[in-house]
Amino acid sequence: MKKFNIRKVLNGLTASSSSASPQPGTNQNDVIQETLQSEHFQLCKTVRHGFPYRPSSMAFDPVQKILAIGTQSGAVRLFGRAGVECYCQHDSGAAVIQLQFLVNEGALVSALADDSVHLWNLRQKQPAILHTLKFNRERITFCHLPFQSKWLYIGTEKGNIHIVNVESFTLSGYVIMWNKAIELSSKSHPGPVVHISDNPMDEGKILIGFECGTVVLWDLKCKKADYRYNHDEAIHSVAWHHEGKQFTCSHSDGTLTTWNVRVPAKPTITITPHGKQPKDGKKPEPCKPILKVEYKTTRDGDAFMVMSGGLSYDTGCRRSCLTVIHGKSTAILEMDYPIVDFLTLCETPYPNDFQEPYAVVVLLEKDLVVIDLGQIGYPIFENPYPLSIHESPVTCVEYFADCPPELIPALYSVGSRQNRQGYSKKEWPISGGNWGQGTLSYPEIIITGHADGSIKFWDASAIMLQVLYKLKTAKVFEKALKGGKEEKPSTEIVDEDPFAIQTLSWCPESRVLCVAGVSAHVIIYRFSKQEMTTEVVQLLEVRMQGELNDVDSPDPAGDHPPTPSTPVPPSSSSPTQEGEPPEAQPFTSDDGPRDNVPCLKVRSSPLKQSPGYQVELVIQLVWVSGEPPQQITSLAVNSSYGLVVFGNSSGLVVVDYLQMILLLNMGTSELYSPSDPYQRQPRSPRKTRQPSGDLSTVTSCISRLSIFSTSMKKTYYSSNSPLSDNSDGNNASEEKSNKSPTSGDTSPTSSDDEHKQKRFIEMVKSKSRWFSKMVANDFAKMSRKMSSPTEQKTGLEERVRRQRSLPYKRCFCCMKEGKASRSLLYVHRTLSVPDVNAKDSLFSRSRSSSVTSIERESREAISSFHFSESFPRKTDSNPSPSLWVGTTQGTVLVLSLSLPPTGDQRLQQPVGVSSCGTLVRLKGGILTMAFLDSLGAVLPPSYEPWSEPNAPDEEKEARSRRPASPPPTQEGQDSQYAVVCSEKQAKVVGLPSQSCFFKHNITESSFVLRADVVQMAAGLCLACFCANGHVMTLSLPSLRPLLDVNYLPLTDMRIARTFCFSNLGQALYLTSPTEIQRITYSQETCDNLQEMMGELFTPLETPEAPNRGFFKGLFGGGAQSLDREDLFGETAAGKGSRSLAQHIPGPQGMEGMKGAASGVVGDLARARIALDERGQKLGELEDRTAAMMASADSFSKHAHDMMLKYKDKKWYQL
């Protein structure tokens, strides 16, 4: 009998019930009508942008002008004109070794490393596989499809050649065996087939190249080898001359051999393009292999010979090169990455005519380059595709849909001035396909942050992608020089890429951009259309202490820095000399810890800033007692408040970037007090004060900088904290308390603490005496009114008493303003040590019993921020500016903001910040927060509309905050709802009552990686992406599950770092280091996707075949055609071996594909294709008939003229 488990029943009831009303008799669903339903959602891929990751092959259709690129993961990317792209994927995932277009037929043949050949139909918007042929006994090495032929030649590793009918994808009984192709006297195997091509002037002759160096001219009709050409070196490629009388081979020793078709004994020409030619006639030194060569002729000039590789082994150039030989000139074009393949684009698709090359497409490992052969110097074409996403590795991505309409033109206008010079003036030659006709379009912008510190803005509207603007944040910092060469600065945080973008926050309405880098720096940018030069970059340095177990301090508060034994007067109103020497001056010495030094050095020279984003302020975290600052984990900016906030594992920092002052620097644990932990009274930075005996006023008088003092109260959960000394390598004993925070406090005057504190004080005394005098002398130079130290006071009880009354310096910041030198800006805080008999009522917030306070404080970091006009306290009746803080332990904390009036008062009066304690706690770290009004509409953060920051003063508009419109309030009801989502749960809390209305457990076995509140066309929802690959959406505010699809399991941390949602059902992630995959979870977008996608195939007429001329047609000197059906057809050659290859029909109804060739529609489409092909053949027959009639008329005319000429003459007059 199955055991009954009441706990499972209760858990099931809890999971199924997603709402819990705090007020009996009130149904929140009656107040807010939810319009989103499950039928509004469907998940599908839309488009993939970027450079194909790990490319392996390439093909080009010269008539349709479509480029195809295959990759090592089995993907095929198709490119037409700008904005026409398509992504296809083979199910096997095997590498694509070769691609062949059926020129102007709307079809593509792909050969894979798993010995399968596929036929793709490109006549539909989403290409589909029509046929597959899987070889079982032989490995495919090379494929060739002649122009206007339906017979595909397939060379194998055994040296055999099989022929496939591409219409039915069946093997022909005609096989060219290797032992018949080579000489009978040869005793060795020739190796794999590396080349197959037909003679341009005789379709009945094909050229077969074997790896060993043997080339065979095979007669298809006679089924024998006409000529055999032997060479000592291995062959990599073969290229025909268009007249079919000569061909050129490239070899592994860097040589090129040119052979006459009728002279197989030896090559007529042998050259080593990059080898040194000895004077004594000896053989040139061997070079690197020439991997590929192409020979293209022109009608009015010398031929072009293009090749890759072949450089000398001792050459100093280590880059891959493409060599272009035109007549007597040789150009070596260096490439940034290794060459995978290249193709020469010609005016005609016919191989028996003058090709007239005009461009070379070069496929590199990480780039696609098109070279213009028609201009001097061979400039490259400007690439219109978004292939530069990986120009520097992508470190973060943000997606903004439904942006302000004027934003994209503004970014494009400043970005268009950044275009590099030297591009070809011709149009991009890959110009096939047509754009989609979809009407579902709205402004979309993608922002990518990169490892080199650059930021790119992309226009992602209408499933296209185009770069708008590029910002280089590294220009703000100095570049280290060594030996006259640039070097990366040594930050000791990251070994490489010190300028890499960690995270960013962007306000599209105000165009304010805030960027955080891996070197613990934050840069604030404003958008301007005018160029300006900044004499000195504004700098603000912030010292963030670690948590309790990371700070060298003996006091229970844990944040008092090591101080010398200089006596301090018991004054609570002015900063004293105690606590200043270690932080007064940054220093770095060989024998001392690094302290108060930022990771990067801001440039001191003037900075010329082009139109676009211009730096407003740089904030840097500094080293603390030999420890580097922690990397920034969360960031937010609000243009209406003029504030930027960022956090890490040490705490959070709030900066007023308008006044350029530090408002708050506080550890995470300090925010938990239910009462206001501090009262901040900052002074105006623009107010001139008279000097006095107070140190802060002396500093203000000298530096003319913003200086303010604060008074803070601090309450700790436990007085026992680990003590350590990391300064000199001697670690003090560490004791961790396992007591619950509610179990009472231990007296700070106990014998163990007293012993530890005395040892710590003696250590600080010995280490600080040598520089305390230096610091005092420096301050004496700054002011004559510096107060002298008073008599020394000792004893632990006296020290604790002073801790309760003296303001100790918690942090400092430095800034540069104008041409003034760097000065110190102190921030002070009064530390309130809890009484030894304090009650447990101070710790009223709920916490998990399995996590102690010390463990929480050592792990808790800031994970998210949200600015809002809301209700920070339960007693608030009107919304006010506030900052909501989420932590990695699932706690949401609230800070109330007191903003001065707009205008000049905003720039002079201080901004007040006060803590309001904890709002709610969830399982897992907080990921996102949002606010809804009483009707369920989202309340976006307030913003300031953009205005030109560099405009004259009379043209500047007054700053005006835009608070969210106050919601309609009713008696006894909440007027706002806070939506909070963590890694495990989602909750909806009513404000100002702070009551939880709805709760939903998103996942138990996994965790949420990314969550966002998004605006759909029909309403709001909460979108989540879990580590197990599930994409889910929940209704708001009831948190009803609407969508749950197992889409993509987390196989790469890149996906977790870059996955992001946006409004209107859009999302994206970095699927490879070079590609962005966009998806949609909107049913409306899925329905319109086919219309939005571009078309690859366009009905075009095939260019006319070259005119052979009268005499060539009369005497047979032109190209000779071949009826391959008579040779390879089932009637003449029989059926192919069934055991050799297996035919697999194409799959019907591929995922996300509409309009596939299936059912009646497919039959009609195939019939139409057959009619088109029949019509094309009839057209060709008609053209041939017309040509024959023209030749016959010409012959008749000439015969008639001859007859008239000799009509009346006698035989003896001839």
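**Entry 1. A salt bridge between strands**

I started with Glu616, which counts as partly exposed at 24% relative accessibility. I keep in mind that this is a predicted model. Next I looked up the partner of Glu616 and found a salt bridge with Arg526, the closest N and O atoms being 3.4 Å apart. Arg526 lies in strand β37 and Glu616 in strand β41, so the pair ties together parts 90 residues apart in sequence. Arg526 counts as buried, at 17% relative accessibility. Buried means under 20% here.

How many salt bridges does the structure hold? I noted 25. I picked out Asp115, which pairs with Arg139 at 2.7 Å between the closest N and O atoms. This pair links distant parts of the chain, 24 residues apart. Asp115 sits in the loop between β7 (107–112) and β8 (116–121). Arg139 sits in the loop between β9 (128–135) and β10 (140–144). I then checked accessibility: Asp115 is buried, with a relative accessible area of 9%, while Arg139 is partly exposed at 42%.

I turned to Arg543 and Asp595, whose side chains meet in a salt bridge of 2.8 Å, N to O. They too link distant parts of the chain, 52 residues apart. Arg543 is in the loop between β39 (539–542) and α5 (581–584). Asp595 is in the loop between α5 and β40 (607–609). Are these two residues buried or exposed? Arg543 is buried, with a relative accessible area of 2%. Asp595 is buried as well, with 5%. I also logged a network in which salt bridges that share partners join Arg48, Arg77, Glu85 and Glu1075.

**Entry 2. Helix α4**

I moved on to α4, which spans residues 407–415. Its buried residues are Leu407, Ile408, Ala410, Leu411, Val414 and Gly415. Where do they fall around the axis of α4? They lie within an arc of 160°, so they line one face of the helix. An α-helix has 3.6 residues a turn, so residues three or four places apart point the same way. I traced what the buried residues of α4 pack against: β30 (444–450), β31 (454–459), β32 (466–472), β35 (501–507), β37 (521–528) and β41 (612–621).

**Entry 3. The nonpolar core**

I looked up the largest nonpolar core and found 35 residues in it. Phe457 and Tyr613 have the most contacts inside this core. Which element gives the most to this core? I found that α4 does, with 5 residues. I then listed the contacts of Phe457, leaving aside its neighbours within four places in sequence. Among them are Leu411, Ile445, Ile446, Ile447, Trp506, Leu513 and Tyr613. The list also includes Gln466, Val467, Leu468 and Tyr469.

**Entry 4. A four-stranded sheet**

My last stop was an open sheet of 4 strands. The order is β14-β15-β16-β17, and the pairing is antiparallel. β14 (193–199) and β17 (224–230) stand at the edges with a single partner strand each, so one side of each is left without a neighbour in the sheet. On average, neighbouring strands here are turned by 20° against each other, direction ignored. Which residue in β16 is the bridge partner of Ile208? I noted Val216.

Notes. Residues are numbered from 1 along each chain as its sequence is written. This is a predicted model: local features need pLDDT of at least 70, side-chain atom pairs count only at pLDDT 80 or more; totals for chains, interfaces and linings use all residues. Side-chain values use heavy atoms; hydrogens and water are left out. Buried means under 20% relative accessible area, exposed over 50%, partly exposed in between (1.4 Å probe, protein chains only). Helices (H or I, at least four residues) and strands (E, at least two) are DSSP runs, numbered from the N terminus. The arc is that of the directions from the helix axis to the C-beta atoms. Contact means heavy atoms within 4.5 Å. A nonpolar core is a set of buried Ala, Val, Leu, Ile, Met, Phe, Trp, Tyr and Cys residues joined through side-chain atoms within 4.5 Å. Two strands pair if DSSP finds at least two bridges between them. Axes are lines fitted to C-alpha atoms, for helices over the stretch in contact, and angles run from 0 to 180 degrees between N-to-C directions. A salt bridge is a side-chain nitrogen of Lys or Arg within 4 Å of a carboxyl oxygen of Asp or Glu.
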